[in-house]
Amino acid sequence: MTHEPMAGGHYPGDTGELDLETRRAFVQLLKGPLVTAAKHPEVWRAVIRDERLLRSRLADVFLDLVIDDENELAFTRPAETGNANTPTVLRTERLTFMDTVMLLALRQRLLRAQPGERVMVDLDELREQLELYRTAGDTDPAGYAKRINASWKKLDKYSLLTKTSTDDRMEVSPVLRQLFDAEQVALVEVEFRRILEEDTP
């Protein structure tokens, strides 16, 4: 069931047709990166209630709505528009090499987990795992650790990691399962191997 437009609008000059809760959900989906039932309960309820209407409004700006009912999260991504020349709506974040390596490492942990299982990760453990991608020419271990810490904080900022009661221990967001398809992962891994092989004496 969707809400009908309120007569007279919500403020002077308001010509919109959505109710306030639906507008807040629409804006949150555009702002991103995620809507979750845990962090945004009212917005999540509006997304579920007005899914059809929100899908339509997002399609007007060339976006798809992705809803993961099992993990109670939603996000938007660019629609597959084929050869149509469409503008970019979503804010993009440029990923560093370390950001990408960390994202893929966390995604692999998610894929190994059982359905519905929460995936936790410790910074020290992850740092050790990512040591593999430290090239032979990188002789600054402190600088490398600093880059790992920066990526860790960035993923927390964008809700891809969630704080727990333990310092330097995070829960990995299930949305990472959907952010990369198999083809994208394969291309990135090939590029990583090429970089490492070129750096090997």
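So, strands β1, residues 35–36, and β3, residues 73–78, pair in the antiparallel sense over 2 bridges. Pairing here means that DSSP finds at least two bridges between two strands. Helices (H or I, at least four residues) and strands (E, at least two) are DSSP runs, numbered from the N terminus. Quick caveat: this is a predicted model, where local features need pLDDT of at least 70, side-chain atom pairs count only at pLDDT 80 or more, and totals for chains, interfaces and linings use all residues. Residues are numbered from 1 along each chain as its sequence is written, and side-chain values use heavy atoms, with hydrogens and water left out.

Back to β3. V35 has A74 as its bridge partner there. Strand β2, residues 63–68, also runs antiparallel to β3, with 6 bridges joining them, and L65 stands opposite T76. In the β2 and β3 hairpin, 4 residues sit between the strands, and E72 takes a positive phi near 55°.

Now helix α3, residues 51–59. Which of its residues are buried? They're L53, L54 and L58, buried being under 20% relative accessible area, with a 1.4 Å probe and protein chains only. They lie on the same side of α3, because they cover an arc of only 130° around the axis, taken from the directions from the helix axis to the C-beta atoms. Their cover includes α1, α2, β2 and β3.

Last stop, S159, in the loop between α6 (141–157) and β5 (161–163). S159 is buried at 16% relative accessible area. Leaving out residues up to four places away in sequence, S159 touches P33, L34, K39 and S173, contact being heavy atoms within 4.5 Å. K39 is 120 residues from S159 along the chain, yet their C-alpha atoms are separated by 9.8 Å.

Conventions:
Buried means under 20% relative accessible area, exposed over 50%, partly exposed in between (1.4 Å probe, protein chains only).
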